[in-house]
Structure formats: structure tokens, C-alpha cells
Amino acid sequence: MRKGKAGFIFLAPSFLGTLIFVLLPFMDVVKRSFMTAITKEGAGMHNYRIIFTNSAFLLAVKNTLRFALVCIPLLVMLGLAIALAMGSIRHMQAVKSLYLFPLAMPTAAVAVVWKMVFYERGFLNKYLERFCTHFGMGMETVDYIGSGAAFYVLAGTYLWKNLGFTVVLWLAGIMGVNGDVMEAAKVDGAGGLQRFWYVLLPDLKGSLYIIVVISFLNSFKIYREAYLAAGAYPHESIYMLQHLFNNWFVNLDLDKMAAAAVACGLFFLAFIMLLQGLWDKGTDG
Amino acid sequence: MKGSWELAKRKKIKSGLNTAKRYLLETILICPVVMVCIPIVLLITGAFMGRDELREGLSPVFTGMGGYIQWNLMPDYPTFENYKRLLFEMPQFFVLFWNSVKMTGCILAGQCLVGMPAAWAFAVYRFRFDKAVFTLYVVLMLMPFQVMMLSNYLVLDRLGLMDTQWAVILPAVFSTFPVFICYGGFRQIPGAVLESARIDGAGELLIFYKIGLPLGKGGILSAMTLGFLEYWNLMEQPLAFLESKRLWPLSLYLPEITWEQAGYAFAASVITLIPPVFVFLMGQDYLEQGIVYAGLKG
């Protein structure tokens, strides 16, 4: 490690840009969150009171949290399960590439296909009905994007898109685990489950951290698919913070936006700090 | 004698079971692959269909009348018409394609220029508040665009950049995600290598250029690959900051096509798909390496 000015100089362009494009304007946003949008008078906590009694905001928060709490753990665990299973199969490289492929699919193309599959007269209903009539059951068709089912369509899209990457990251983590320790545990008579729990898992904490971080980042990008397939005002089961911010922006509700940005920013800050604290504890101890 | 024969038999059964288990596992693991392929097959076949065939097949979906969607995996009259029209008769498409290339290229080049030195600074040097600044970078990396939307707007508006492509490019250049990824790659370089270069009299800039960049290649290329896939699909920023449609990237153009012209949409989707697939195939190996470094703590 080197002390001195060189580090500063290497960092300077990036830090300056961050200052100009992110930090200073965000302070302005904090200031604005305590003011009225038009007259610029001090309004105290008024804006915050408004957003926390605003039903759209509460709905959006609820949906965003629900999406994250359902999808991220599911993605992380499913990814680990597949990665563990994949270690033992043939043609692993090719299968891995295919799993990764949705990452390269342009969002807009995905949206076109989703309309064909999930609209009321789309493929899913078509084959479901065929299936049901074959077995003599009745069925009602559903528009999967315009109803409560949209949440699951979106959750499925998120898994479909990110599963491959998660698997690859887990696989890389598993490959990095010290093989000798695993072998030694096997010789000492540890069963498969024990080896997994006491040897493999503790070694994967670094991977877990990075996978959670990336899954979290990507969970917000699901807005792209949601917006393209269902527009700015989708069914209320998938009306998320991203939609709300965008609609506020379009309607120039800047004071509400400022208060919500600060509130959400604080929440994410707390979450990230928690995650980092857990990671530090996990890797040091 | 009999005992060993029994043992061999049992072993054989066991290995047979293992093979069966493996086949079952492979079958289960292949299933999601089918899910991956369906959209691609639909896009590619759709792009070869004539206008009438598409209209007939898709009208139930978009008008809600008639039966269900109709789709032939082999088009009745395969045609290149869609591609031909899109590429030669719609100048708009070209403009937007070029917009996408330009914005993605500028963002990635800018990230290289700004982000790599920053990652190098965090990985190699100690300076005041280095830990605090790095934590700040991680926090910023994880903040969703929506939280930053208003602050971005305020600064872009003040700089007079709204409704120019710089409004999309500049904030993305200072994204801290590539810094985080490159940092992991640079951390892998042993300190002794740098120290011996210093003893031989190399300056700090030379060390960065001659040792840091080649040895940190994995991290850099993975940041670039992820960056390309991300910025090729850019949607939120142009939607908010670009009002003129002629400045839009391709990712916003596709949804503008009405279903009566579905053939264009499919052909355009296939063409949009080509660059990311190319980049993906080239950068696939780096995707894993670089990110894994980021998870390791030095």
C-alpha cells in the first residue's frame, strides 16, 4: 500500500464527476424536500406527510418490497441449487451459455414476445384451454398482464432473465472453494449435507454478498419489461416505485418526488449498510 | 468368493443408479433452456413471415376478437421483405440504431477513462477517507435510478443538457458500478509486483498503464461486457431526459411499432439482438471472472 498524492489524482476525475452529477444535486433535492415546489417556501415535514399518506406511494412501496422479498431470495437459492446440480453434468459449458443467454435479450424484444404469450388470446391461454378441454375441464381465460397474475409474470421474467447469471456466479464461487478441505471432510466421514453446510457454505459468503448485491440492482430494472409490456399505469399488482417516480416526473410533482427520493434513499442506505455489516462480520470472523 | 461377487453386483447396480440419476438431473436442468429458446424462435420465425400471415395470426391477441393466436413454426411464405423494408426503406431505423451505438460507445469509453483510474486508486493507494469514499461508491452503485432521477434532472437542466444525448451519457459515465467491478480485478495484482516496478524506477502512471491494465484485464472486460448489455437496453434515462424522438435509442423505438406492422418489430428485434449476442459470446468468460474478484476480499 502506498500513501501519497497519486491515489488522489487517479481518483479525482471520477470523484469530481460524482460530486457534480450526484452528490451536490442530491443535496439540492434534500433541501427541496422541505420546501414547496412553486413558491420555494419552507414547508417543514409537509411533503413527507403528503407522501406517507398518499395511497399511490404506499401501494408502490408495498409492491416493490413484495417483489424484492419474493424474488431475490428465490433467485439466490434457485441459483445455488442449480449451480450445485450443474457441477456433475456433461456439456456444462454449453448449458451454462444457454442459461446466460436471456441476459443478452433486448428488453424491447422480450416485451413483444411477452405480449404474444400472456395476453388474453395469447399462447398461454391457447394451450391451457387445449389442455383443459382434452381432460374435460372448464377454463376461464385470463389476461395475464392486465390482472393480478401480472405480478407472477413479472417475477417469472426476473427469474428467467437473471437465473443464468446467478448460476454462473455461484459456480465460480464453488470452483474457488478449497478442494482439499472438502476432500478431508469426506475422509473424516462428513456426509454430503454436512459438507455442504459446514465446509462449502461458509466459504461462499463472499459470493453470496456479491450475488445479493447484483440481484438487488437488477430487481429494479424489471421496470423496463413492466413498462414496455403494460405501460405507465399497469395493473395495481405491479405498480411499483419506478412507475410512481416516472409518473410524478411526467406530471412535474417535484416536491413529492424530492421527499420520496430522500425517504427511499435513506431506506436503501440503511439496507446497504446492514448488508455490508453482515458481509464484514462474515469475512473477518 | 461368493461375497466378492455379491459386492461387484451391488456396485454395478449402484453405478447404474448413479447414471440414471445423472440423466434425470440433466433432463431437469435442460428444461429451463427450452424456456430460453422459445422467445428466440418466435422472434426469428416472425421476422420471416409475410404481412398477411402475421396479421391473421396476431389479430386475436391485439384486437381480442376471433380465436387464439396462430403461429406456424415454418412460415407459409418465408420472405426477407421485413428486413428489406426495415433496412432500406425506413431511414428512421438507421438513425436510431446509430443513436444506440453512439450512446453505448460514448458511455463505455467514458467509463474506461474515468472509472478505471478510480478503481486503481482504491485498489493500490491509501489516502485520507479512502474507506469512506469507497463505501459511498458502493452505496451510489446500489441506488436505483428512480431515487437519483430528480437530482439528475436538476443538474442536467442547470447545465442546459436536457434533450441532448449528453443527458444520458454524462451521468452514466460517472456510474460507480464499473469502478466496483474493476477494483476487484486490480486487487488481484500482488503488491510485490508493483513494489519491484517502483524500485526499478517506474512512475505511478507507467505502473498503472503497463502493469495495472494488462493484469486487471479480467475485471475491466467484465465491466465493459456488463455495461454494454446494460446500456444497449437503456430505457429509463432516455425516456425521462430525451424528448425528441430522433435522439432516442433503439430500445425505445421497438415499442412504438404498432401491431399491424408486427413484421418490422420482429425484424428490428432480431437486428437489435445481434450486437449484444456478439458481445455476449466474446465476453462471456470475463463475466464470471471479473465479478468473482469483486466478491473476494483482499
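**Exercise 1.** Find out what the buried residues of helix 11 of chain A pack against.

*Solution.* They pack against helices 5 (107-118), 7 (150-176), 10 (205-219) and 12 (241-250) of chain A, plus helix 12 (236-241) of chain B. Helices here are DSSP runs (H or I, at least four residues), and strands are E runs of at least two, numbered from the N terminus. Before going on: this is a predicted model, where local features need pLDDT of at least 70, side-chain atom pairs count only at pLDDT 80 or more, and totals for chains, interfaces and linings use all residues. Residues are numbered from 1 along each chain as its sequence is written, while chains are lettered from A and ligands numbered from 1 in the order in which they are written.

Now check the burial. In helix 11 (residues 222-230) of chain A, nine of nine residues are buried (20 or more other C-beta atoms within 10 Å of a residue's own; 12 or fewer is exposed, in between partly exposed; C-beta atoms are placed from the backbone). Among them are Arg224(A) and Glu225(A), along with Tyr223(A) and Tyr227(A).

**Exercise 2.** Work out how helix 7 of chain A and helix 10 of chain A are oriented to each other.

*Solution.* Start with the geometry: the angle is about 165° and the axes are 10 Å apart. Axes are lines fitted to C-alpha atoms, for helices over the stretch in contact, and angles run from 0 to 180 degrees between N-to-C directions. The two helices are therefore roughly antiparallel (over 145 degrees; under 35 is roughly parallel, 65 to 115 roughly perpendicular, the rest oblique).

Next, the residues. On helix 7 of chain A, Tyr158(A) and Trp170(A) are among those meeting helix 10 of chain A, whose side includes Ile210(A) and Asn218(A). The contact residues split into five nonpolar, seven polar and no charged (nonpolar: Ala, Val, Leu, Ile, Met, Phe, Trp, Tyr, Cys, Pro; charged: Asp, Glu, Lys, Arg; polar: the others, Gly among them).

**Exercise 3.** How many residues of chain B are in contact with chain A, and which helix gives the largest share?

*Solution.* Count first: 73 residues of chain B are in contact with 85 of chain A (C-beta atoms, placed from the backbone, within 7 Å). Helix 14 (residues 262-295) of chain B gives the largest share of chain B's side, 14 residues. By type, that side has 55 nonpolar, eleven polar and seven charged residues.

Methods. Contact = placed C-beta atoms within 7 Å.
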